[in-house]
Amino acid sequence: MATTRTAAAHWEGSLMEGSGQVELQSSGTGTFDVSWPARAEAANGQTSPEELIAAAHSTCFSMALSHALAQAGTPPTSIDTTANVTFQPGTGITGIALSVVGSVPGITAEQFEEAAQGAKTGCPVSQALSAVPITLETSFTG
């Protein structure tokens, strides 16, 4: 069964001087302020499309990796993923760097790396973002 999630943005003013808010409507978990300076300079307590993409990507990747490991009979104790989405004003999103630390009893670091690479390409958010380079760094704690 397909699901649809909804967020909505409200913006007032020009790009450079204006500001807005994005609301996570499906979950109702929050409304967050956005502005051009928060996107192109320092966050200063506001979010950006790139931070929201980073949140989605790190979560999706962690879920995909956890599922793959469990399907292989070695469920993880923990998976911690960071996604760094780089935005260059005038160019756009220029890359995504995923970094994952996994604790998975019963496998080797090489097996973890292989599973992580599979999750990188198999994660639906990775697939949706495939127009930009995505790198992956793994760290394995056993």
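Start with the charged end of Arg39, which sits over the ring of Phe87, 4.3 Å from its centre; that label requires NZ of Lys or CZ of Arg within 6 Å of the ring centre and within 35 degrees of the ring normal. Before going on: this is a predicted model, where local features need pLDDT of at least 70, side-chain atom pairs count only at pLDDT 80 or more, and totals for chains, interfaces and linings use all residues. Residues are numbered from 1 along each chain as its sequence is written, and side-chain values use heavy atoms, without hydrogens and water.

How many aromatic pairs does a search of the whole structure find? It finds two, counting rings of Phe, Tyr and Trp (its six-membered ring) with centres within 6.5 Å; planes under 30 degrees apart are stacked, over 60 edge-to-face, the rest tilted. Trp36 and Phe87 have ring centres 5.9 Å apart and planes at 80°, so that pair is edge-to-face. Trp36 lies in helix H1 and Phe87 in strand E4, 51 residues apart in the chain. Both Trp36 and Phe87 are buried, meaning under 20% relative accessible area with a 1.4 Å probe, protein chains only; exposed is over 50%, and partly exposed is in between.

Now the helix. Helices (H or I, at least four residues) and strands (E, at least two) are DSSP runs, numbered from the N terminus. In H3, residues 109–122, the buried residues are Phe112, Ala115, Ala116, Ala119 and Lys120. They cover an arc of only 145° around the axis, which puts them on the same side of H3; the arc uses directions from the helix axis to the C-beta atoms. On the other side of H3, Glu110, Glu114 and Thr121 are exposed.
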